[in-house]
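Notebook open, model loaded. I want to jot down what I look up as I go.

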Amino acid sequence: MTTTARSARLLVLSTVVLAVVGGVTLLGVPPIQRPPAPATASARATTDPPPAAVPPASQPAAPTPPSPASAPSTASTPSALEPELPPHGEGPAGDQAIQHSLDAAWPADLPAGDEQELLTAGRALLRADATGVGRAKWPQMFPASAQAVAPAFATARFRIQAAIARRDGSPDNAVVHLVWAGMDRGGTFTDLRISDWHFVRTTSKKGTTTWIPQPRT
């Protein structure tokens, strides 16, 4: 082998060795750590809280509802269906209000003919009982012993303020409710007195019906 050929062969071997050594050296070096990429705008949008909604300038904000304390109270408003009674001593001017109060509190439930008959009898019985006028018309209600007793109220100041006749549990029973005023034998005048007279309807053999007053107990 000539000197030139030997030199060329050594040069090739040196190049191969250097290449192998360089590759081994590169394999032993750890990779370079690159800094993390900055967060994108879409990632920030998923982590940041959304901003408060601001109404457009052209749209006014909704009014705040009033607090419960500012709402008007209706508990103290009197009902129109409950008329007030007139004060004591109002006189005949207050009788209409008393009658209206009775009618509103106890609606009518009797035929008009029966109601009128009962009211007429109830008024007469009350006047006879309080003043003694007309007791002879009701002997079963005011026997002779009762007629001998002096009346408790004077006829001059006696006044029936209001009266209604209504059923009393069944169609054949009724009660006349009366509110009245009068002066007793001691000279004391009192109004808004209350008396009730009870009646039972009977039918005769001829088919005639009559309301019979019941003795007071």
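Which residues is Arg166 in contact with, leaving aside its neighbours within four places in sequence? I found Asp103, Trp106, Pro107, Ala108, Asp109, Leu110, Glu115, Asn173, Ala174 and Val175; contact means heavy atoms within 4.5 Å.

Ground rules before I go on. This is a predicted model, where local features need pLDDT of at least 70 and side-chain atom pairs count only at pLDDT 80 or more, while totals for chains, interfaces and linings use all residues. Residues are numbered from 1 along each chain as its sequence is written, and side-chain values use heavy atoms, with hydrogens and water left out.

**Arg166 and its strand**

I placed Arg166 in strand 1, residues 159-167. Helices (H or I, at least four residues) and strands (E, at least two) are DSSP runs, numbered from the N terminus. Arg166 counts as buried because its relative accessible area is 2%; the cut-offs are under 20% for buried and over 50% for exposed, with partly exposed in between (1.4 Å probe, protein chains only). I also noted a 3.2 Å polar contact between the side chains of Arg166 and Glu115. That term means a pair of N or O atoms within 3.5 Å; within protein, one must be able to donate a hydrogen and the other to accept it, and residues adjacent in sequence count only if both atoms are side-chain atoms. Eight of the nine residues in strand 1 are buried.

I traced an open sheet of four strands in the order 1-2-3-4, paired antiparallel. Strand 1 and strand 4 (209-213) are the edges, each pairing on one side only. Two strands pair if DSSP finds at least two bridges between them. Strand 1 and strand 2 (residues 173-183) share eight bridges, and Ile164 stands opposite His177 there. Their hairpin has five residues between the strands, and in it Gly169 takes a positive phi near 95 degrees. Strand 3 (residues 189-203) and strand 4 pair over five bridges, with Phe199 partnered by Pro213.

**Asp191**

Next I checked Asp191, which sits in strand 3. Is Asp191 buried or exposed? Asp191 is buried, because its relative accessible area is 7%. Apart from residues up to four places away in sequence, Asp191 touches Pro87, His88, Gly89, Glu90, Gln161, Trp180 and Ala181. Asp191 and Pro87 are 104 residues apart in sequence, yet 9.5 Å apart in space, C-alpha to C-alpha.
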